[in-house]
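Me: I've got a protein model open and I'd like to work through it with you. Can we take it bit by bit?

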Amino acid sequence: LKENLGDINSQVDRLTDLTNDLVYLSRMEEGDSLVMTEVPLSDIVSETAASFGPLAEEQGKTIEAEIEPMISVQGSTKELEKLLSIVLENAVKYSSDPKIGVSLKKEGKNAVLEVRNQTDGELTNEMLSHVFERFYRTDSSRNSATGGHGIGLSMASAIVKAHGGKISAHTSTGHDFIVTATLPL
């Protein structure tokens with residue numbers, strides 16, 4: 001009985017998390033107004049990447065960050081931290097290589113954030129064109145056994161769009177997963 005209650009509690013927690021994420025996603029997609037101020041994106045990326053270091057190390061991985069200093073954008077610190085957390089958690093969870101790359105640089109009038117990791121499975125750019133859809137998974141190994149609900153990248157996309165930016169995913173080798181978010185300076 002105790003074991004069953006533990007299973008029930010973990011399922012309730014999982015459904016609560018899913019419900020909260022779906023409510024968050026709906027609010028972001030409806031354009032709930034974010035309080036936008038000038039925020040130090042370089043610092044947010046550095047601090048969030050550093051905070052994922054211990055999680056990556058637990059799995060025998062490292063996060064290698066190349067962050068151009070002094071990049072600021074108009075945005076919400078909380079939402080930009082959430083964006084970084086989503087893409088970094090995804091990279092740590094699914095990377096088949098010990099090195100996960102994070103970069104931030106200025107390109108013209110934009111800040112370009114990129115998170116890269118290697119994958120075991122073969123990826124195509126066609127598959128990756130769907131990763132920002134709710135509940136989409138590129139392969140059967142990305143299932144509930146690995147945790148998550150399949151809406152993290154949808155939330156990341158909504159956050160980037162709320163900041164007037166664009167987000168995409170692509171592969172250059174078929175075994176790398178590259179998420180690029182472009183935010184206006």
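Predicted model: local features only at pLDDT ≥ 70, side-chain atom pairs only at ≥ 80, totals over all residues.

Me: Okay, which element gives the most residues to the lining of the largest cavity?
Reply: The lining is made up of Leu 83, Val 87, Leu 113, Val 115, Ile 167, Val 179, Thr 180 and Ala 181. Two or more of these come from each of helix H4 (77-94), strand S5 (110-118) and strand S7 (176-184). The top giver, with three residues, is S7.

Me: Let's look at H4. How far does it reach from its first C-alpha to its last?
Reply: H4 has 18 residues. The expected span uses 1.5 Å times one less than the number of residues, and that gives 26 Å here. The model comes close to that, with a reach of 26 Å.

Me: Now Thr 48: is it buried or exposed?
Reply: Thr 48 sits in helix H2 (residues 41-51). Leaving out residues up to four places away in sequence, it touches Glu 81, Leu 84, Ser 85 and Leu 88. Its relative accessibility is 8%, and the cut-off is under 20%, so Thr 48 counts as buried.

Note on methods. Residues numbered from 1 in each chain as written. Heavy atoms only, no water. 1 Å grid on protein atoms, 1.4 Å probe; cavity = no way out; pocket = protein on both sides within 12 Å on 5 of 7 lines; lining within 4 Å. Helix = DSSP H or I, 4+ residues; strand = E, 2+ residues; numbered from the N terminus. Buried < 20%, exposed > 50% of the residue type's maximum accessible area, 1.4 Å probe, protein only. Contact = heavy atoms within 4.5 Å.
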